[in-house]
Amino acid sequence: MDAHAEICRAIDDYREKVVAVSHEIHEHPELKFEEHLAADLLTRAAKDLRLEVERGVGGLETAFRAEFGGDGPTVAILAEYDALPNGHSCGHNLIAGAALSAVAGLKSIVGKLPGRIVFLGTPAEEGGGGKIILIDKGVMHGVDAAMMAHPMDSEWCTIPTLATQHIKLKFRGHAAHAAAAPWDGSSALAAVIQTFQSVDAMRLHLRDGSRIHGIITDGGQAVNIIPEKTECLFLARGKTSRYTNEIGARVIRCAEAAAMATGTIVETIIEGGYKNLINNKSMANRYAAHSEALGTKTPVAPDNSPTGSTDMGDVSHVMPAIHPAFAISRRGEGNCHEDAFVAHADSPRGYDAMIRVAKAMAMTAYDLLAEPELMAATKKEFAARRES
Ligand SMILES: [Zn+2]
């Protein structure tokens, strides 16, 4: 039996176990950095595969890392397992399951692996940037290529994701009696409202595919007092980090103008963000070929596909990476972050897709280790496409 067939057979044999783990994670949704049960379940499953697991890597309690294999290059398979306030509406339990299954498949041929596999548990994709912390702490040092797969309502071997920048704006005005002496006050609420209006006026001038969305998190203290303090959050998104930072700078100029107009002062806090995803096509094409052989076409996503953002983008700026999407619903039946997607993430269709994707990822990882030409092409492409 060749290595691919052995990997696939081991993944099929592992199905019951991984579906149980994935279902358990789904039933106990945990928010970013609080994924203790999920990390325990995945760690225990990895230990059952006779892997040595290190917990708390990168200083993150709910991160983990296991490594196995022989001499040669190293490929990382990443698991996410955090949820959102409405449950597993992003299906990260399936991301974890696909990664765990792929690892089980590759572990089954550990004696024949011409390189190393890293199984990496990455917390807090939903706004916490767990992967950025792991990169900064050196946890991904020595890894040659990385992969994970994300459930959606469509099947793609690549997806364009947007870079992000989170901006917090704090306005401070001057409180006064709103009826008796409004002329003595300066309204921090007026400054926030003016900021939103200026941002809306500026939108037209942004490049296609850009997004700015904001919320007011503090709109004042009492209706009969001119608001002294207000606060709002903006999330700027664009096709590259450089352009997203430009959008962020424009938002800040809108806030500064609003502060000047209203006689208030503004404090701006840039709270970080994610980089856009650089899809490694050498890896993605191989993944797509394996997926098609398993019966599912996974084309390259069109440039204008609806998309979000991910900290896998940051990984793709430090090493070759893929982040394919796999369909667990049909279009119109619910997509990521919607309530309806929670049920899809714990459905027979979802688990079938998870197993198939695990096979395609595991075979792609094996190929990267076994075919020096593929790894070389992957690295060459990464070096050429990486943002300077
Ligand atoms: Zn997600």
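**Terms and values**

Analyst: F33 is found in the loop between helix 2 (15-27) and helix 3 (36-48); helices (H or I, at least four residues) and strands (E, at least two) are DSSP runs, numbered from the N terminus. This is a predicted model, in which local features need pLDDT of at least 70 and side-chain atom pairs count only at pLDDT 80 or more, while totals for chains, interfaces and linings use all residues. Residues are numbered from 1 along each chain as its sequence is written, and side-chain values use heavy atoms, with hydrogens and water left out.

User: Why is F33 called partly exposed?

Analyst: The relative accessible area of F33 is 33%. Buried means under 20% relative accessible area, exposed over 50%, and partly exposed in between (1.4 Å probe, protein chains only), so F33 counts as partly exposed. F33 also has a positive phi of about 70°, although it is not a glycine.

User: What makes R50 count as exposed?

Analyst: R50 has 70% relative accessibility and therefore counts as exposed, the cut-off being over 50%. R50 lies in the loop between helix 3 and strand 1 (53-55), and its phi, near 60°, is a positive value in a residue other than glycine.

User: Which class does R55 fall into, and what does R55 touch?

Analyst: R55, in strand 1, has 32% relative accessibility and so counts as partly exposed. Not counting residues up to four places away in sequence, R55 touches H36, A39, D40, T43, E61, A63 and F64; contact means heavy atoms within 4.5 Å. The C-alpha atoms of R55 and R65, 10 residues apart along the chain, are separated by 6.7 Å.

User: Why is helix 6 called oblique to helix 7?

Analyst: The axes of helix 6 (residues 188-203) and helix 7 (residues 241-262) come within 8 Å and cross at roughly 135°. Axes are lines fitted to C-alpha atoms, for helices over the stretch in contact, and angles run from 0 to 180 degrees between N-to-C directions. Angles under 35 degrees count as roughly parallel, over 145 as roughly antiparallel, 65 to 115 as roughly perpendicular and the rest as oblique; helix 6 is therefore oblique to helix 7.

User: What makes C90, H92 and H150 donor residues of the zinc ion?

Analyst: C90 (SG), H92 (NE2) and H150 (NE2) coordinate the zinc ion at 2.1 to 2.3 Å. Donors are N, O and S atoms within 2.8 Å of the metal (3.2 Å for Na, K and Ca); water is not among the atoms, so sites may look incomplete. The donor residues are spaced C-x1-H-x57-H in sequence, and both C90 and H92 are buried.
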